[in-house]
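This report is meant for a reader who is meeting the structure for the first time. It begins with the chain as a whole and then turns to the ligands and to single residues.

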Amino acid sequence: MSKNVANIEKFKFQIDTCDNCRCGFCRIQCPVWDLIRSEAYSPRGKLQIIRAVLEGHLSPDETIAQIFTYCTTCEQCQVTCASNYGLVHPRSYKELVDIYIAFRNYLKEYNPETFKDYVRIKDNTLKTGNPYGEEYNRFANLKEVLNPTDSAETLLFFGCTSTYRTDNIARATASVFNKLDLPYNIIDEICCSSPIFRTGFVEEAISLMEKNKERIEESGCQELVTTCPGCYSMLDKYYRNVVGLDIEVKHASQFLLEKFEERNVWARMDGFKHIVTFHDPCHLGRAMGVYEEPREILRQIPMLELEEMDRTRENSRCCGGGGGFRASHPEEVTVMAGRRLEDGERTRATVMASWCPNCIMNLRFGKKYHPTRMEIKDVMEILDEVIRW
Ligand code: SF4
Ligand code: SF4
C-alpha cells in the first residue's frame with residue numbers, strides 16, 4: 001500500500017476475482033447483513049455495486065452512497081471470504097475493507113449530503129485535532145496522573161476516545177504505568193486519523209498522519225504504545241505503509257504482558273473475584289491478529305475466571321462502534337451493541353471486558369437500550385484496580 005491507497009481502480013483484480021465466484025461466504029457474520037437482509041448491503045453486493053459503477057452501469061448517486069454508510073469496517077468479511085482458502089483464485093486477497101474505504105473516498109465527491117455525518121467528523125478533526133470537535137485540551141483531565149519523561153524510549157499514544165470520552169481509561173493507563181515505574185513520554189498528539197480515513201477522507205487523513213509522524217519522530221522514542229486498537233492499527237499498518245513511519249508499535253496488551261512477565265507483576269495483584277468474558281475489538285483482533293495477550297493477562301489475575309462467548313477471536317461479533325457507523329446510524333448501532341451484550345449474557349459472566357475505548361463506550365451505550373447484569377470494563381480499568389503500588 002502507498003499514498004495510492006484511495007485509488008479504487010487498483011482493486012479491479014479483487015473485484016473481478018469475486019465476480020468469478022460470488023459464493024456469498026462473506027455474508028456470514030457480517031453485522032450489516034445480520035441487520036439488513038438485503039443483497040445490496042452485503043459485502044458481496046457492495047463489490048457488485050462498485051463494479052457496476054466503475055463500468056458505468058450505475059451512477060454514484062445518493063442511494064449508492066447510503067448503502068456504503070452501512071459498514072463498520074469490522075473485517076469479518078475478509079476473514080470469511082472464500083479467497084482466503086484458495087477457493088476463488090490461488091492469490092489470496094484480504095483487502096475488502098480497503099476497497100470499501102477507497103470507494104467511500106470516491107463517493108464522497110458526489111454525495112456530500114449523504115455523507116454529512118462523515119463531513120462533520122472530518123471538519124471537527126481538521127479544526128480541533130479530534131473527531132468530537134472538543135477544544136484542544138486533550139490532557140486536561142489527566143494532569144494529576146500524567147508523569148511523562150522527555151528521555152523515555154516509550155511513547156504513550158492515548159487517542160481521542162480515551163482522552164475525550166472515556167478518560168477513566170486514559171487515567172487508568174497512566175496510573176498503571178506509574179505504579180510499575182514504566183517511563184514514558186507523550187507528544188502533542190492529534191487524532192491518529194482512523195475515523196476520517198475509514199469514512200473515506202483519505203487525503204485529509206494522510207495530512208494528519210504526516211503531522212503525527214513528525215511529532216513522533218521529533219520525540220526520539222524507540223517504541224509507540226497505544227491502548228486504542230483503532231490507533232494501533234492505524235499507526236502500525238497505515239502509518240508504516242502510507243507515510244513511512246519506521247518505529248515499533250505495540251498495543252498496551254502486548255507491551256504490558258512482556259513487562260508483567262519480566263517483573264512478575266502477578267505477585268503484586270489483588271484478586272478480582274468475577275467471571276469475565278472478553279470481547280475482541282475488531283481492530284485489535286481481526287485487523288492486527290492480537291487475540292492471546294489480553295486473555296493471558298486476564299487469566300493470570302488472581303481469582304478472575306475467564307469464560308468465552310460463542311463468537312470469539314476472528315469470529316468475534318462486531319459491537320458496531322467502528323467505521324463511522326455510530327455517527328451515521330446511532331439507532332442501528334445500539335442493536336449491534338445489544339446483540340454483543342446478549343452473547344455475553346449467555347455466559348455466566350458478571351463483567352464484559354474489552355481493551356478498546358471505542359468498544360467500551362459503544363457497549364456501555366448499548367447497555368442503556370439492552371439492560372444487562374454485566375458491568376462493562378476496559379482491561380486497563382481492571383488492572384488499575386488490582387495492581388498494588
Ligand atoms: S467490514 Fe464488516 S460490516 Fe463491512 S461489509 Fe465487511 S463484514 Fe460487513
Ligand atoms: S466470499 Fe469473497 S469471493 Fe465469495 S462472494 Fe464474498 S467477497 Fe466474493
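Predicted model: local features only at pLDDT ≥ 70, side-chain atom pairs only at ≥ 80, totals over all residues.

**The chain as a whole**

The C-alpha atoms of the protein chain fill a box of roughly 65 × 50 × 40 Å along the principal axes. A compact globule of 389 residues would have a radius of gyration near 21 Å, and because the protein chain has 21 Å, its value agrees with that expectation. Of the 389 residues, 50% count as buried. When contacts between residues at least 6 apart in sequence are considered, 78% of them join residues at least 24 apart.

The chain is divided into domain 1 (3-114), domain 2 (125-258) and domain 3 (265-386). The contact between domain 1 and domain 2 takes 9 residues from domain 1 and 9 residues from domain 2, and the side of domain 1 that touches domain 2 has 4 nonpolar, 2 polar and 3 charged residues. The C-alpha centres of domain 1 and domain 2 lie 30 Å apart.

**The largest nonpolar core**

The largest nonpolar core has 109 residues, of which Phe103 and Leu235 touch the most other members. Helix α6 gives the most to this core, with 9 residues. Which residues does leucine 235 touch, not counting those up to four places away in sequence? Leucine 235 touches Phe157, Cys192, Leu224, Thr226, Leu245 and Val249.

**The surroundings of the two ligands**

Around ligand 1 there are 13 residues, and those that come nearest are Cys30, Cys71, Cys74, Gln76 and Cys77. The elements that give two or more residues to the shell around ligand 1 are α2 (31-35), α5 (76-80) and α6 (96-107). Around ligand 2 there are 14 residues, with Cys18, Cys23, Phe25, Cys26 and Cys81 coming nearest. Helix α3 (residues 43-54) gives the most to the shell around ligand 2, with 3 residues. The make-up of each shell by residue class is set out below.

| Shell | Nonpolar | Polar | Charged |
|---|---|---|---|
| Ligand 1 | 9 residues | 3 residues | 1 residue |

Most residues other than glycine have a negative phi. Threonine 73, which is not a glycine, has a positive phi of about 55 degrees, and glutamate 75, likewise a residue other than glycine, has a positive phi near 70 degrees. Threonine 73 lies in the loop between α4 (62-68) and α5, and the place of glutamate 75 is in the loop between α4 and α5.

Is threonine 73 buried or exposed? Threonine 73 counts as buried because it has 25 C-beta neighbours inside 10 Å, where 20 or more are needed. Glutamate 75 has 22 other C-beta atoms within 10 Å and is therefore buried.

Asparagine 7 is found in the segment before α1, and lysine 10 is placed in the segment before α1 (12-19). With 13 C-beta neighbours inside 10 Å, asparagine 7 counts as partly exposed, and lysine 10, with 16 other C-beta atoms within 10 Å, is partly exposed. Both counts can be read against the limits, since a residue is exposed at 12 or fewer such atoms and buried at 20 or more.

Asparagine 7 is 345 residues from methionine 352 in sequence and 39 Å from it in space, C-alpha to C-alpha. Lysine 10 and isoleucine 169 are 159 residues apart in sequence, and their C-alpha atoms are 39 Å apart in space.

**Phenylalanine 272**

Phenylalanine 272 is found in the loop between α13 (252-263) and β4 (275-278). Because it has 19 C-beta neighbours inside 10 Å, phenylalanine 272 counts as partly exposed. Leaving aside neighbours within four places in sequence, phenylalanine 272 is in contact with Ile301, Met303, Leu304, Ile382, Glu385 and Val386. The C-alpha atoms of phenylalanine 272 and glycine 322, which are 50 residues apart along the chain, are separated by 30 Å.

Terms used
Residues numbered from 1 in each chain as written. Chains lettered and ligands numbered in written order. Near = placed C-beta within 6 Å. Helix = DSSP H or I, 4+ residues; strand = E, 2+ residues; numbered from the N terminus. Nonpolar A, V, L, I, M, F, W, Y, C, P; charged D, E, K, R; others polar. Rg over C-alpha atoms; globule rule 2.2 N^0.38 Å. Contact = placed C-beta atoms within 7 Å. Core = buried A, V, L, I, M, F, W, Y, C linked by C-beta atoms within 7 Å. Domains from an automatic or database assignment.
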